[in-house]
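Good morning, colleagues. Please bring up the sequence and the structure, and I shall go through a few local features in turn.

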Amino acid sequence: MDCYTANWYPLGEEAFYRKLELYSMEWGLREDLRDCVVAAAPYGGPIALLRNSRRDKAPSSRPLLEIYSASGLLLASVPWKSGRLVQLGWTAGEDLLCIQEDGTVLVYNLFCEFKRHFSMGNEVLQNHVLEAQVFHTEFGTGVAILTGAFRFSLATNIDDLKLRRLPEVPGLQQPPGCWAVLSQDRVTVVLLAVGPELFLLDNTSCSSVTPPGLSPSAGPFLHMAVSFNHRLLALFCDSGYIWMGLATLKEKFCEFNSTVRSPPKQMVWCTRPRSRQRAVVVAWERQLMVVGNSSECIRFVLDEDSHLVPELDGVRILSRTSHEFLHEIPEASQEIFRIASMAPGALLLEAQKEYEKESQKADEYLREIREQQLLPEAVGQCIEAAGYEHEPHTQKSLLRAASFGKCFLDKFPPESFVRMCQDLRVLNAIRDYQIGIPLTFTQYKQLTIEVLLDRLVLRRLYPLAIRICEFLRLPEIQGVSRILAHWACSKVQQKDKSDEEVAQAINQKLGDTPGISYSEIATRAYDCGRAELAIKLLEYEPRSGEQVPLLLKMKRSKLALGKAIESGDTDLVYTVVLHLKNELNRGTFFMTLQNQPVALSLYRQFCRHQERDTLKDLYNQDDNHQELGNFHVHSSYSEKRIEGRVGALQNALDEFNKARNDFAAKATEEQIKLLRLQRHLQEDFDKPYLDLSLHDTVSTLILDGHYKRAEQLYREFKIPDKRYWWLKISALATRGDWEEMEKFSKSKKSPIGYLPFVEVAVKHHNRYEARKYAPRVPPEQRVKAFVLVGDLEQAAEAAMEHKSEAEMNLVLSRCSPGTDGALAEKLTRARAQLLKK
Amino acid sequence: MAFAGRRDAPEPPDFGILKRLARDQLVYLLEQLPGKKDLFIEADLMSPLDRIANVSILKQHDVDKLYKVETRPAPGASDQFCFLVRPRVRTMRFIADIVNADKMSGRSRKYKIIFSPQKFYACEMVLEEEGVFGDVTCDEWSFYLLPLDEDIISMELPEFFRDYFLEGDHRWINPVARALQLLNSLYGPFGKAYGIGRCAKMSHELWRDLEEESEGEGQGRKPEIGHVFLMDRDVDYVTALCSQVVYEGLVDDTFRIKCGSVDFGPDVTSSDRSIKVLLNAQDKVFSQIRNEHFSSVFGFLSQKSRNLQAQYDRRRGMDIKQMKDFVSQELKGLKQEHRLLSLHIGACESIMKKKTKQDFQETIKAEHSLLEGFDIRESTSFIEEHIDRQVSPIESLRLMCLLSITENGLIPKDYRSLKTQYLQSYGPEHLLTFHNLKRIGLLTEQAAGETLTAVESKVSKLVTDRAAGKITDAFNSLARKSNFRAISKKLGLIPRVEGEYDLKMPRDMAYVFGGAYVPLSCKIIEQVLERRGWQGLEEVVRLLNGNEFSVSDSTVEDNPAWESQRVILTVFLGGCTFSEIAALRFLGKERGCKFIFLTTAITNSARMMEAMIEARA
């Protein structure tokens, strides 16, 4: 490890920088990078390249748009057929934005598949886009353009496109020297330099600004750089002077004179969270300079054309043959590896090495740390430093040291160690050049595992993603299932396989994994135009509720109806039914319903309350005469006029006849007859008879003394004798026409006997009348009759005559001791005699 | 198992939490519409709401005025309207009318509809058709379960009966499944589920699906309810059609118990106003007589009043201190008891009066002969006379149905003549009522031969389809036979008794019908629980038209030591009567287990008949 710090370059007192190679590039570029439009996504993202777009204007040769992984493996390429390209850029979700001269922005995915496009405004069509920048803020990915009319437009979030046209810069006649998008307090503004002047453009105004402490001899601004977090700003002037400070222009950190007067190709910030130095990397054709708060700077010679990619914690340097990472050495690594460091971590690392050599020096080192009681810190340092190392070999030795140190500690919480081991395994796996995602530990933590998994899924690296999920024991729903679902969604797009094959392959892999929605996959299949596959996939969906919306979308309404019914969810059935109603013509709609009784009854319920006429049509369609009859009967009640009512009932009668329901037909016929009669009665007696039943009609007639008319109805409607007698005597009694009642009782032999006469009279408190009928009551009921009229003597006599114990008891129970003492005695005696026998 | 030896029945779980859950959710929903608002409440939600959140709670949450749905708001009404409704098309139209009227007059308001227990798509459709969908916001109040008493939970969905059994409308099955899910999550997991009936089966299946989707969290918890038994009302119409003679049932038949409370009118209170009384286990007097046969109630009440008097009388020998204690501790309780006692005595007298007027004894006698199946002719003439004399349309209908269902349909001559008589007596619109009764199978004609109806044969062509298969049995109910006589024989529903049946010391569940008949529904439950399944009941099941099931949840530990194994949730789909409740309470006491009742609504014969009557539009 003696040479470990060989590639460390100091800048100022405290900070060291190092440049390490991530990959030697596999892409075999023939051209120089300067001939291409290049864009690399942050967080070790992919690289997009459009060749010879600017120089070669020959229309015959179509430029090629290529996307490479960070290790230079070709992911996809496509001939560029659209208009002239101004700028490439990546969104936070790793979509490629291609900004064209006419202001159209085309969005491609990682595999050069076109996703969508949007425009940066009509104004651009005439003026063209001169320059464009893609920027990232907390609102998402934004695009800013400078038009040929020297006006700026920007959209802060391309997923929620709201174009903002910034105000004019007064007196701007030529493109600004340089410009950048700043994000301050959730507001995005543009900073631009016109010669030696700086302007800040916000939504409404353009104001001139001056950076504090700017050297008077600085000269016009040629370049500016905003840091990854939008907090820092660097300005490069044509005198070679560099100003570094806060993006708010409120504070200067430092300045530096590079003495290079030519404009740099690129200038980016190179910092990290909790940086000791805030440095800027400036690149010219053949040299690279790292400058910070120090009179010295670090210089590198560039052998080839290079492209700088700012990252959260450093700068990536791309060239035709290699991909390097330049960063400030993190604190923990510095502590451990600095030459002659006596930091606890360094000692621990040393101790572990000696231990492996079986040297007793191990003990001395260890003792030294433990005496200062710094062992926990030492372990912590080793663990942390391991995270910053790119080489598995170094990672291992640091972790080994940590694990060695841990042995001498009681209760050192193991989580940090375990966590680091896991993280490093994941990181090493994705850094592999086959995968080509050179994430640093710091970036990985910022990005989170969920986003990393999403990115793997985007790259269709499903097996690796699943392995990582399993390795980290992520819950299935967020981990494996989600990835499988993505896999399936991309599987359905494989056009070379048959529907059957794809469906089977998907089912085999997915099975009943929890959290998998087959309907989502089917939706995707349908979106790719594979309806049959979608239906096959839906078969695997266990929740029928989920199947229905897609089936409807696919216009498989009848299938949807079946599924909805199966689900037992009536809401779903309604959804489908009402959908069908709009989709099909009425006849077909009804036919469909006829085959689905559950749906039919639901729809009937709906119609019953909402569209009664449809109900009629439904029954008509089905030749359901019985229900049609009922329908007409029902609607007859809402008819106010007798004629209307009779008409409705006539219809009902027809239907009942067709339904061969004789009973209903006859009943309806009678009702029509009754209605007509009631109309006459109404006219004759000027009294409402409508809505009365036959019984009530006759009863009312008697009550009003129209005995003849009642008699007529009785004959006409063949009212059974019993009913008529009951009806007549109760009505007569209510009316109090006892004379008529007596006459009636003698008209012929009563079919209901004479007890009812007694009862009715008693009910109306006319015992006198009641007594008249008591003797006519047949012997079996006579006792009861006499009791009712209160003639206990006779009752007793009758009871004794019948020799019935029960009857005697009945009479006895009515005897009050005061008045009927003698009678009671007589009865008791008779009963005793009876029992003796 | 539940029936091992005679043990004390376990205490029922605490269902108060159901009320608290419902209240909290309602308050949350009301708060979603901040500021003063007027609340429109569906008429049949008023009583249940009152049991959950009274007016003062509503006022606390900025409810200004309360209206009944169907009443027009006063002109000076608030700027925000909240509607608390059942998901019904009619109500939606009412709301749409209000919104449209406001629009016409240029008045802008906020409208919020809270559906209870859940929203139906059809309602949204109506709102959309009426053009107000964008003007209202919709929410759901998942108020599925109202605990009426410590062992009775009601869904308060009386329309379930007509909607499902008559109209074949399946939309209430989902709420039932959700209610089961809720109970299962709070008091389960239920180890074993039994059931009979198509609706029971579908509800059970849907509930299982819901459980699967939600990945039950309640695993491994100690359950408070061990078994669940689901039963469709159409398995046993007979019991529901009988006149009730246990006290609680009689009170329901006579005064209509509404949502666990009853309005005793002036004839009971012997004053000029009516009193609303909550009837539940908290009422010390009522809880002792509710399950008693009416004939024993009077005796009990007079005994009770004598005891009460004796307690009052103790005052006489007291010194000052004892008197003080008596007044502070006991007097209030005694007074309360006294008040309740006089109310129940009043109620009894009123019942007696009404019943003697209607020849109650005669009716009961006729009913008993129908149940036992003798003197059918005499009973038929009794019913005829009943109709001719216009005693009561509901009662006449009930007796006709009872005759039909015990006799497997009326003979054609009677079928025609009774119906004709009925139409003449009570009005021609009952033609539709008869159609309904035929459809549901309550009043049918004895078929000469078994012929399939047109619909059925049409449907049976489609049996290949799984859904249609379900439907085929749905239409079986059209021509379904009740087979009551055969079932009664198989299960011994008519007790053979030597001498008088002692109603004070009942021996079996038959006491709830004066010793004449063991309620079929309860008998089935008893048999299945005893056999831990349907083995040996195959013949009965066949006669009941099948659809039985018995499912054990293998994930639930079957620990016989747990009290919960003796707590059984009985679910009545389509309503249950107080007589059935009394019978099962009796059974529970006998067997040392506790029955909990979950019903779509409390029902009785009159409510069932009313549900079938086609009202004049």
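In this predicted model, chain A contains an open sheet of four strands, with antiparallel pairing in the order 19-20-21-22. The edges of the sheet are formed by strand 19, residues 221–226, and strand 22, residues 252–257. Each of these has a single partner strand, so one side of each is left without a neighbour in the sheet. From one strand to the next, the twist averages 15 degrees.

Strand 21 of chain A, residues 241–246, runs antiparallel to strand 22 of chain A, and five bridges join the two. Which residue of strand 22 of chain A is the bridge partner of A:Y241? That partner is A:N257.

I turn next to a pair of helices in chain A. Helix 12 covers residues 518–527 and helix 13 covers residues 531–539; their axes come within 8 Å and cross at roughly 175 degrees. Angles over 145 degrees count as roughly antiparallel, and helix 12 and helix 13 of chain A are therefore roughly antiparallel to each other. On the side of helix 12 of chain A, the contact is made by A:Y518, A:S519, A:I521, A:A522, A:A525 and A:Y526. Helix 13 of chain A contributes A:A531, A:L533, A:A534, A:L537 and A:L538. By class, the residues of this contact divide into ten nonpolar, one polar and no charged.

Is A:A362 buried or exposed? Its relative accessible area is 6%, and buried means under 20%, so A:A362 is buried. Setting aside neighbours within four places in sequence, A:A362 is in contact with A:A351, A:E354 and A:Y355. As for A:L347, it stands 15 residues from A:A362 in sequence, and the two C-alpha atoms are 9.2 Å apart in space.

Finally, chain B. Helix 7 of chain B has 15 residues, 173–187, which at 1.5 Å a residue should span 21 Å. The C-alpha atoms at its ends are 21 Å apart, which agrees with that expectation. How many of the 15 residues of helix 7 of chain B are buried? The number is eleven, and the helix is mostly covered. Among the buried residues of helix 7 of chain B are B:I173, B:P175, B:V176, B:L180, B:L183 and B:Y187. The buried set also includes B:N174, B:Q181 and B:N184.

Thank you for your attention.

Technical notes. Residues numbered from 1 in each chain as written. Chains lettered and ligands numbered in written order. Predicted model: local features only at pLDDT ≥ 70, side-chain atom pairs only at ≥ 80, totals over all residues. Heavy atoms only, no water. Axes fitted to C-alpha atoms, helices over the stretch in contact; angles between N-to-C directions. Parallel < 35°, antiparallel > 145°, perpendicular 65-115°, else oblique. Contact = heavy atoms within 4.5 Å. Nonpolar A, V, L, I, M, F, W, Y, C, P; charged D, E, K, R; others polar. Expected span 1.5 Å × (residues − 1). Buried < 20%, exposed > 50% of the residue type's maximum accessible area, 1.4 Å probe, protein only. Pairing = 2+ DSSP bridges.
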